[in-house]
Amino acid sequence: LVLWVLEPGAEAGRRAGCAARKTAAAADAGRQAEEKQAEGHGVQTELWGQCGGTDYDGPTACRTGLICVAKEVKWDKRYKQCAKDPAFDCISAEGNKDMACYYKVTWDMTTGIHSRPDMYHGLTPQSSFAEFQEQNHNFMEKKSKCPAPCAPGTCHEVLAIEGCDSYNEWSCEKDDHSLAFDCCCNKYHPNITKKREMQLRAQEQQEVKGPSLYCVALVVPRTYEVDLMRMQLERSMGIFDDNCDAWSVYSNETITMNCSSDEGRFDTQVMQGTLAAPRGGKYNTTLNTKIFFRFWEKLFKDPQAWSHDWIVKVDPDCLFMPGRLKELMSSKNAPFDRGEPPGGMYINNCFLGMHGPIEVFSKGALGNFKDGRDKCVAGDAGTHGQEDWFLRSCFKQLGVHKVDAYNILLEGENACKERPSAWEPDRPPCFAPEVAFHPFKT
């Protein structure tokens with residue numbers, strides 16, 4: 001049991017910045033309400049219809065099966081129109097006068113079904129537009145130009161005319177949002193579809209098995225770092241992702257990471273001393289070795305650090321994806337295809353030497369560092385004012401095994417000679433396969 005005793009006035013510091021987050025959240029809610037109102041009170045745009053643009057105030061939502069995309073035109077570079085959504089294999093032609101299918105189905109419903117009902121395989125004047133479209137799609141797709149209609153809709157055409165016997169587990173794997181899928185997979189074969197959904201849900205919920213991670217960060221009070229960490233907690237990102245088996249945020253003040261809770265488990269672990277660091281050295285970087293030495297001393301006393309296989313220290317402005325790290329460590333491929341040596345091991349994330357935005361080392365390395373830290377301070381490592389330089393030099397001095405894995409970190413500003421795909425702004429691409437991306441300060 002840990003009791004948190006706050007001195008008078010400390011509560012204000014603990015929640016510093018929370019009011020601003022509430023204001024920002026309220027502003028976001030207001031913008032969302034305005035956007036919803038701007039969608040035209042439920043009005044949906046048809047295929048190829050306008051859904052956005054300069055001074056456009058019409059509906060911005062597209063019909064099911066369509067998506068609003070940018071379509072630059074001479075008179076408006078911000079013009080948008082509704083196009084076929086690649087995630088859907090269906091489009092509803094009902095009410096869409098830009099589709100030939102609309103006119104064919106309308107004729108069928110107003111004229112054809114009354115003059116030649118025998119031609120419509122059991123459909124009646126009361127049958128839905130979707131059923132007539134489904135029949136045109138199946139029996140005369142080229143002539144009618146009718147795509148598969150989207151769900152929902154009645155199922156007479158699908159169940160009584162086409163039949164669902166051919167719909168097996170394989171064909172029900174991917175929901176294409178069509179009326180046929182809804183009728184056959186969700187209604188005729190519900191057990192198969194339910195079984196498949198359970199399988200998919202189990203796969204999604206299955207955690208990546210592998211070494212346990214203790215993920216930690218150090219934040220400076222009353223700076224953008226606090227707000228960044230709070231945002232990550234709200235979204236279960238970074239060190240708060242479920243693939244981190246435990247997490248802690250350190251600071252020199254008590255700060256809550258959850259503005260909506262009074263629980264102490266969301267508070268920082270407090271270390272002594274200032275977090276202000278001068279700049280200097282050959283590259284005019286932050287000389288923060290003394291600060292992080294106090295940080296490591298605090299970590300040595302943290303029981304959670306000794307309850308997990310690896311320690312991952314991440315800067316607040318580093319976008320960290322722990323699931324990727326676990327998957328990499330669990331692959332049993334090089335460089336993680338060998339057992340851990342007695343002195344422990346750490347990941348070298350740059351050919352120039354380990355960089356500080358993300359530092360990953362084993363529990364064995366932590367123990368080696370704890371026992372030999374005084375030797376490092378007195379040796380060559382102690383001459384380095386930059387924390388990451390100090391730590392990698394100390395690991396070398398103590399015989400901690402270095403594992404080169406340069407795909408762990410991608411940095412902007414050419415920090416490790418990277419070449420980001422986008423230079424305006426100069427930030428690394430998040431779709432790259434790296435584990436961490438730095439810096440993202442907003």
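Where is the place of Asp55? Asp55 lies in the loop between strand S2 (50-52) and strand S3 (61-62), helices (H or I, at least four residues) and strands (E, at least two) being DSSP runs numbered from the N terminus. The model is predicted, so that local features need pLDDT of at least 70 and side-chain atom pairs count only at pLDDT 80 or more, while totals for chains, interfaces and linings use all residues. Residues are numbered from 1 along each chain as its sequence is written, and side-chain values use heavy atoms, with hydrogens and water left out.

**View 1. Two residues with positive phi, Asp55 and Arg222.** Asp55 is not a glycine, yet its phi is positive, at about 60°. With a relative accessible area of 76%, Asp55 is exposed; buried means under 20% relative accessible area, exposed over 50%, and partly exposed in between (1.4 Å probe, protein chains only). Arg222, also not a glycine, has a positive phi of about 60°. The loop between S6 and H9 holds Arg222, which counts as exposed at 56% relative accessibility.

View 2. Pro152 belongs to the loop between helix H5 (141-144) and helix H6 (156-162). Pro439 sits in the segment after strand S19 (436-438).

**View 3. The largest nonpolar core, with 32 residues.** A nonpolar core is a set of buried Ala, Val, Leu, Ile, Met, Phe, Trp, Tyr and Cys residues joined through side-chain atoms within 4.5 Å. Ile239, Val312, Phe320, Leu325, Ile347 and Ile358 touch the most other members of this core. At least two of its residues come from each of strand S6 (213-218), helix H9 (224-234), strand S11 (310-314), helix H11 (322-330), strand S13 (345-348) and strand S14 (358-362). Apart from this core lies another, of 29 residues, including Val216, Ile291, Phe292 and Leu391.

**View 4. The surroundings of Ile347.** Neighbours within four places in sequence are left aside here. Ile347 is then in contact (heavy atoms within 4.5 Å) with Trp310, Leu325, Met329, Phe336, Met354, Val360, Val403, Ala405 and Ile408.

View 5. Lys104 is partly exposed at 21% relative accessibility, whereas Asp108 is buried at 1%.

**View 6. A salt bridge between distant parts of the chain, Arg373 with Glu297.** The closest N and O atoms of Arg373 and Glu297 are 2.5 Å apart. Arg373 lies in helix H12 (residues 363-378) and Glu297 in helix H10 (residues 289-300), 76 residues apart. Arg373 is buried, with a relative accessible area of 18%, and Glu297 is partly exposed at 23%.

**View 7. A network of salt bridges linking Lys313, Asp315 and Glu359.** Between Asp315 and Lys313 the closest N and O atoms are 3.1 Å apart. Lys313 counts as buried, at 1% relative accessibility.

Note on methods
A salt bridge is a side-chain nitrogen of Lys or Arg within 4 Å of a carboxyl oxygen of Asp or Glu.
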